[in-house]
Amino acid sequence: MDVTTTTENLLDERALSKLRWRCRRGLLENDLFIERFFARYESRLTVRQADALGALMDLSDNDLLDLLLARKEPQGDLARDDVTHLLGLLRATRPTI
């Protein structure tokens with residue numbers, strides 16, 4: 001099986017549960033974005049999207065919020081197509097803060 005096929009597979013239930021746990025944040029504002037994202041997309045999340053979300057979860061709460069509110073754009077290691085696409089999905093579920 002090639003890598004592209006593997007990364008486009010849907011996330012299994014166990015991996016989804018781990019990802020949801022990892023996405024718990026200290027700032028309520030980030031949690032609102034993430035919860036709305038999961039409510040809309042969790043049944044369709046791919047392994048590649050989960051990896052991109054994991055990369056965003058490595059950020060501090062304030063840096064993540066700046067990206068979610070489009071105050072900043074991904075730079076450095078985060079300036080990847082998969083991260084940019086996922087960030088677009090997260091922003092599309094923008095809560096009223």
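**Aromatic rings in a predicted model**

**View 1. Phe37 is a buried residue of the predicted model.** With a relative accessibility of 0%, Phe37 counts as buried, a term that means under 20% relative accessible area, with exposed over 50% and partly exposed in between (1.4 Å probe, protein chains only). The model is predicted, so local features need pLDDT of at least 70 and side-chain atom pairs count only at pLDDT 80 or more, while totals for chains, interfaces and linings use all residues. Residues are numbered from 1 along each chain as its sequence is written, and side-chain values use heavy atoms, with hydrogens and water left out.

**View 2. The rings of Phe37 and Tyr41 form a tilted pair.** Their centres lie 5.3 Å apart and their planes meet at 40°, so the pair is tilted; rings of Phe, Tyr and Trp (its six-membered ring) pair if their centres lie within 6.5 Å, and planes under 30 degrees apart count as stacked, over 60 as edge-to-face and the rest as tilted. Tyr41, at 14% relative accessibility, also counts as buried.

**View 3. Ring pairs join Phe37, Phe38 and Tyr41 into a cluster.** The count by this rule is 2 aromatic pairs. The rings of Phe37 and Phe38, with centres 5.7 Å apart and planes at 70°, are edge-to-face, and Phe38 counts as buried at 1% relative accessibility.
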